[in-house]
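Have a look at the sequence and the 3D view first, then read on.

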Amino acid sequence: LVLFAMTFSQTVITMDDLQYDIGGYYSMYNFPAPQGVIGFTGNIGGPHIFDFSDGVTASSLTFTYVDVNDEDHGTNFPNAEIAEKRVDENNASWMYLKFEDGVGRKNYGFYDSINLPESPAVPFNPAIVDFPDNLTYQSYFTGSTNFSASLGNYDLDIEYSFTGFADGYGPCIL
């Protein structure tokens, strides 16, 4: 019976785990890679991408949770309740969120004046739930939205859809 219970007990990530208050933050290293986030980030058995023996070889990113009206961009995202501000060296961009119990993290869009100087406010229509409430091992979730942006001489009308599948498990040591 104990073995059976251990086999099926899984950690459940809920809104309490995902939600940050204003002033909360986290930092991470960004490793530019041609393969993106799909596939392995190293070879089985090594070498591993997180080898700091030669010092840090990546840029550092900091994400801070700020009031939705930080820098007066929140009016473009009226249903958002908090913003995640990404700081990369001297540049900043914002993602507009609402944490909703029983639903998950709703993402209303983003503001990025560095990469999209002509149309930095990019609201999603409709908002997407990019992290559902009660996320467990082998959770499967999907979403889709539309958004527009201008880039140089190009006006982009983008239909975006995604599929999420929690396929990793095990201890996480930070």
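Predicted model: local features only at pLDDT ≥ 70, side-chain atom pairs only at ≥ 80, totals over all residues.

Residues are numbered from 1 along each chain as its sequence is written, and side-chain values use heavy atoms, with hydrogens and water left out.

**The overall layout**

The protein chain has two helices and eight strands. Here, helices (H or I, at least four residues) and strands (E, at least two) are DSSP runs, numbered from the N terminus. Read from that end, the elements go α-α-β-β-β-β-β-β-β-β.

Of the 174 residues in the chain, 30% are buried. Buried means under 20% relative accessible area, exposed means over 50%, and partly exposed is in between (1.4 Å probe, protein chains only). Now for contacts, meaning heavy atoms within 4.5 Å. Among those with a separation of 6 or more, 46% are between residues 24 or more positions apart.

**Charged pairs**

Side chains of opposite charge can pair when their charged atoms come close. The cut-off for a salt bridge is a side-chain nitrogen of Lys or Arg within 4 Å of a carboxyl oxygen of Asp or Glu. How many salt bridges does a search of the whole structure find? It finds six, and the table shows some of them.

| Salt bridge | N to O distance |
|---|---|
| K85 and E71 | 4.0 Å |
| E84 and R105 | 4.0 Å |
| E100 and K106 | 3.5 Å |

Take E100 and K106, which meet at 3.5 Å. E100 is partly exposed at 24%, and K106 is partly exposed too, at 23%. Salt bridges that share partners also join D70, E71 and K85 into one network.

K85 is buried, with a relative accessible area of 17%.

Next come E84 and R105, whose closest N and O atoms are 4.0 Å apart. E84 belongs to strand β3 and R105 to strand β5, so the pair ties together parts that are 21 residues apart in sequence. E84 is buried at 6%, and R105 counts as buried at 11%.

Rolling a probe the size of a water molecule over the atoms shows where empty space is left. On a 1 Å grid over the protein atoms alone, a pocket is an open set of points where a 1.4 Å probe fits, with protein on both sides within 12 Å along at least five of seven lines; lining residues have an atom within 4 Å of a point. The second largest pocket is lined by 20 residues, and F63, R86, S93, F110 and D112 lie nearest its centre. The elements giving two or more residues to this lining are β1 (25-30), β2 (59-66), β3 (82-88), β4 (91-100) and β5. Of these, β4 gives the most, with five residues.

Where does D112 sit? D112 is in the loop between β5 (104-111) and β6 (121-132). D112 is buried yet has no salt bridge, and the nearest side chain of opposite charge, R86, is 6.6 Å away. (For charge, Lys and Arg count as positive and Asp and Glu as negative; His and the chain ends are not counted.) The D112 side chain does reach the backbone nitrogen of I114 at 3.1 Å. Not counting residues up to four places away in sequence, D112 touches S93, P117 and P120.

N107 is in strand β5 and is buried, at 5%. Its side chain reaches the backbone nitrogen of G109 at 3.0 Å.

Two residues other than glycine have a positive phi. D72 has a phi of about 60° and is found in the loop between β2 and β3, where D72 is exposed at 64%. N134 has a phi near 60° and is in the loop between β6 and β7 (140-151); N134 is partly exposed at 47%.

Finally, the peptide bond from N125 to P126 is cis, with omega near 5°, and P126 lies in strand β6.

Key:
Polar contact = N/O pair within 3.5 Å; in protein donor to acceptor, adjacent residues only side chain to side chain.
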